[in-house]
Amino acid sequence: SIRAWQPARWLADSLEAAKKAVPSSFLLALTPQRADVLQALQARNISPNDYKVLTASHNTTPQYLSAGDVGLLIRQRHAVNQVACPTKSGEYLASGNLILSTAHPENIAALIEKEKVGSVVDNPENQTSIEAALRKLHESLSARGPLLRKQAKETARKYFSWDSHTSLILNSYRELGTVRK
């Protein structure tokens, strides 16, 4: 979604960078703030043939995401983003998408670098670094797409699935149950 920490103009900027890096790039934006995204794209005179902006239900989001290659997680440096773990990062990975992220949220940036499931740029305003990162991701997907998609899905399973955290959650509840007043 489009909020103060992820302005719609950054999606438009990212699409412009993507088109320079890979001319066949297409932006699929799934957001309840359709008007904001459309306004940002139109303000840059980006061709409507290069994007689609939709509002999707939680049930259909995975189907849309599985059509993509790279999910954008472009956030500003902000206290909220230092500790955030956006749900969409797990959704992108579970759909087999790599992630292009800014350095915030920090935990997601660290995960992307550790598991090699995308690229991290420092500044959402730096079009050159976004363009270079997207070019590199495109080259990697062209060379090793199926392997990278599998790696993304495995990373989602490892870090975002209930199965990987069930024992920790149950143990935490057990410990809470033993605390006496």
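Author: Please do. We may begin with K116, which is placed in the loop between α6 and β5 (118–121). The model is predicted.

Reader: Why is K116 called exposed?

Author: The relative accessible area of K116 is 58%. The term exposed requires a value over 50%, so K116 is exposed.

Reader: What is noted about phi of K116?

Author: Phi of K116 is near 55 degrees, which is a positive value in a residue other than glycine. Most residues other than glycine have a negative phi.

Reader: Where is N45 placed, and why is N45 called exposed?

Author: N45 belongs to the loop between α2 and β2 (51–54). Its relative accessible area is 70%, and the cut-off for exposed is over 50%, so the term applies to N45. Phi of N45 is also positive, near 55 degrees.

Reader: What makes the peptide bond between H104 and P105 cis?

Author: Omega of the bond that joins H104 and P105 is about 10 degrees, and the bond is cis. P105 is found in the loop between β4 (98–102) and α6 (106–115). Most peptide bonds are trans.

Reader: Which residues make the contact of α1 with α2?

Author: From α1 come A8, R9, L11, A12 and L15, and these meet D36, V37, A40 and L41 of α2. By class, this contact has 7 nonpolar, no polar and 2 charged residues.

Reader: How do you know whether V37 is buried or exposed?

Author: V37, a residue of helix α2, has a relative accessible area of 0%. Buried means under 20%, so V37 is buried. The C-alpha atoms of V37 and L11 are separated by 7.5 Å, although the two residues are 26 apart along the chain.

Reader: Why is α5 called oblique to α7?

Author: The axes of helix α5 (residues 87–94) and α7 come within 7 Å and cross at roughly 140 degrees. Roughly antiparallel would require an angle over 145, and roughly perpendicular one of 65 to 115; α5 is therefore oblique to α7. In this contact S89, G90, L93 and A94 of α5 meet A152, K153, T155, A156 and F160 of α7. These residues divide into 5 nonpolar, 3 polar and 1 charged.

Reader: What makes T155 a buried residue?

Author: T155 lies in helix α7 (residues 127–160) and has a relative accessible area of 3%. Buried means under 20%, so T155 is buried. Leaving aside residues up to four places away in sequence, T155 touches L93, L111, E115, V117 and F160.

Reader: How do you know that the radius of gyration of the chain agrees with a compact globule?

Author: A compact globule of 181 residues would have a radius of gyration near 16 Å, and the chain has 18 Å, which agrees. The C-alpha trace spans about 65 × 35 × 30 Å along its principal axes. Buried residues account for 41% of the 181 residues.

Definitions and conventions
Residues are numbered from 1 along each chain as its sequence is written. This is a predicted model: local features need pLDDT of at least 70, side-chain atom pairs count only at pLDDT 80 or more; totals for chains, interfaces and linings use all residues. Side-chain values use heavy atoms; hydrogens and water are left out. Contact means heavy atoms within 4.5 Å. Helices (H or I, at least four residues) and strands (E, at least two) are DSSP runs, numbered from the N terminus. Ala, Val, Leu, Ile, Met, Phe, Trp, Tyr, Cys and Pro count as nonpolar, Asp, Glu, Lys and Arg as charged, and the others, Gly among them, as polar. The radius of gyration is taken over C-alpha atoms; the globule rule is 2.2 Å times the number of residues to the power 0.38. Buried means under 20% relative accessible area, exposed over 50%, partly exposed in between (1.4 Å probe, protein chains only). Axes are lines fitted to C-alpha atoms, for helices over the stretch in contact, and angles run from 0 to 180 degrees between N-to-C directions. Angles under 35 degrees count as roughly parallel, over 145 as roughly antiparallel, 65 to 115 as roughly perpendicular and the rest as oblique.
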